[in-house]
Amino acid sequence: MEVYAPGVVKLFGEHAVVYGKTAVAIAITQYAKAEVQGGKPGAVEMRLLDFGGISIALKWEDMAKICKIYRARKDIEGFVESIRGVDHRLLPYVVIASRMAVENGGRVGGARIEISSQIPVKMGVASSAACSTAFAVALANFAGLKLTDAQMIEIARDGERIVHRNDEAGKIDVSGSYFGGCVSYNDAYGARRVAVKSKMDVLLVNSGPKKPTAETVRHVAELNKSNGEYVKVLLEQIEECTRRGLEAIESGDRNGIGKLMTENHKLLTALGVSNESLDKVVALSEAGGAYGAKLSGGGGGGLAIVLPKDDVGRLVHMLNRSGFDTYAADVSEKGAKDYVGAANG
Ligand code: MEV
């Protein structure tokens, strides 16, 4: 049985969501896949096809031990350091499987799961979140677990906690990949599908190499420690942008959505998570007549998202001539949730 989970781009609120604010994302038609079949009795075996097939097989005792250490962690950084003998690229899946096993009385054994992805990595389109989400849904399906949407999202977020070294990570990326379409998340109401009035196709623009999201998330945390008042003001302004952005999405006001995306980008620049190249893409997009543009996700490079007007050809030409590759991205209405409960075999 196969589970597909889409990549996501963030329209509003990345970074702010780590501090309890609202974020909005759309799922795009690029997918991570988890394929599950029967394996060694009692064990969960996982294999990463995109990394030369590195794999690990965990027995119940291994999973119980890892889950115990994970639950007792003081911080994620310390937890990751304390786990020896496991390739750290496998750790997100190891933790998800271990927690799922322990929280469900060991009922996840006998599974063999292969993970692969067509989503570009380290570009700001949530490739790691999509892999964790596909994996969590595949394993829960295999074991016949009946988890609520909130439980599925919470457990898949463990993957992002490990990847981004932050306990608050993965709220918007996992929610978007799980539900598909347009999704908002905040700590008060959790994840919600957003009704979209206008078409939400976006243009993705490669601004160049990207810093790891863990690094930009850490930058904001350090700034928050050293200059909490500044960060607080910026996060409040981002939240206001997101609130108005959601209204614009729900009323089909593409002009309003674009303007607010650009405003959100400028606030992210003030937060220190943009770079010259991303700022240039945003400035070119504004000059080229787009509704708006911004970085997506962790920032520090990677893909910018542009909300284009209908005559996108001129803008694409202009961006290409300035050395930036562009890709059209369609919205994926399907998310990993569409595969929940899919039959084995
Ligand atoms: C990364 O795609 C989005 C961030 O808000 C981090 C997170 O929410 O986990 C920067």
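A salt bridge is taken here as a side-chain nitrogen of Lys or Arg within 4 Å of a carboxyl oxygen of Asp or Glu. By that criterion, in this predicted model, one salt bridge is counted between domain 1 and domain 2. The side chains of E14 and K294 form a salt bridge, with an N to O distance of 2.7 Å, and E14 is also among the residues around the ligand.

The protein is divided into domain 1, spanning 2-194, and domain 2, spanning 202-329, and the centres of the two, taken over C-alpha atoms, are separated by 26 Å. To their contact domain 1 contributes 26 residues and domain 2 contributes 37 residues. The area buried between the domains is about 2600 Å², with carbon and sulfur atoms giving 71% of it; on the side of domain 1, F12, H15 and M123 lose the most area to domain 2, together accounting for 28% of what that side buries. Polar contacts between the two domains amount to 10 residue pairs, both residues being at pLDDT 80 or more.

The ligand lies between the domains, because both domain 1 and domain 2 give residues to the shell around it. That shell comprises three nonpolar, six polar and three charged residues, including H164, T213 and G297. Oxygen atoms of the ligand lie 3.2 Å from an N or O atom in the side chain of K10, 2.8 Å from a backbone N or O atom of G170, and 2.6 Å from an N or O atom in the side chain of D173. Of the 300 Å² that the ligand exposes when taken alone, 98% is buried by the protein.

Notes: Residues are numbered from 1 along each chain as its sequence is written. This is a predicted model: local features need pLDDT of at least 70, side-chain atom pairs count only at pLDDT 80 or more; totals for chains, interfaces and linings use all residues. Side-chain values use heavy atoms; hydrogens and water are left out. A residue is near a molecule or strand if one of its heavy atoms lies within 4 Å of it. A polar contact is a pair of N or O atoms within 3.5 Å; within protein, one must be able to donate a hydrogen and the other to accept it, and residues adjacent in sequence count only if both atoms are side-chain atoms. Accessible areas come from the Shrake-Rupley method with a 1.4 Å probe; for residues, only the protein chains shown count as cover. Ala, Val, Leu, Ile, Met, Phe, Trp, Tyr, Cys and Pro count as nonpolar, Asp, Glu, Lys and Arg as charged, and the others, Gly among them, as polar. Domain bounds come from an automatic or database domain assignment. Contact means heavy atoms within 4.5 Å. Buried area is the accessible area (1.4 Å probe) that two parts lose on being put together, summed over both.
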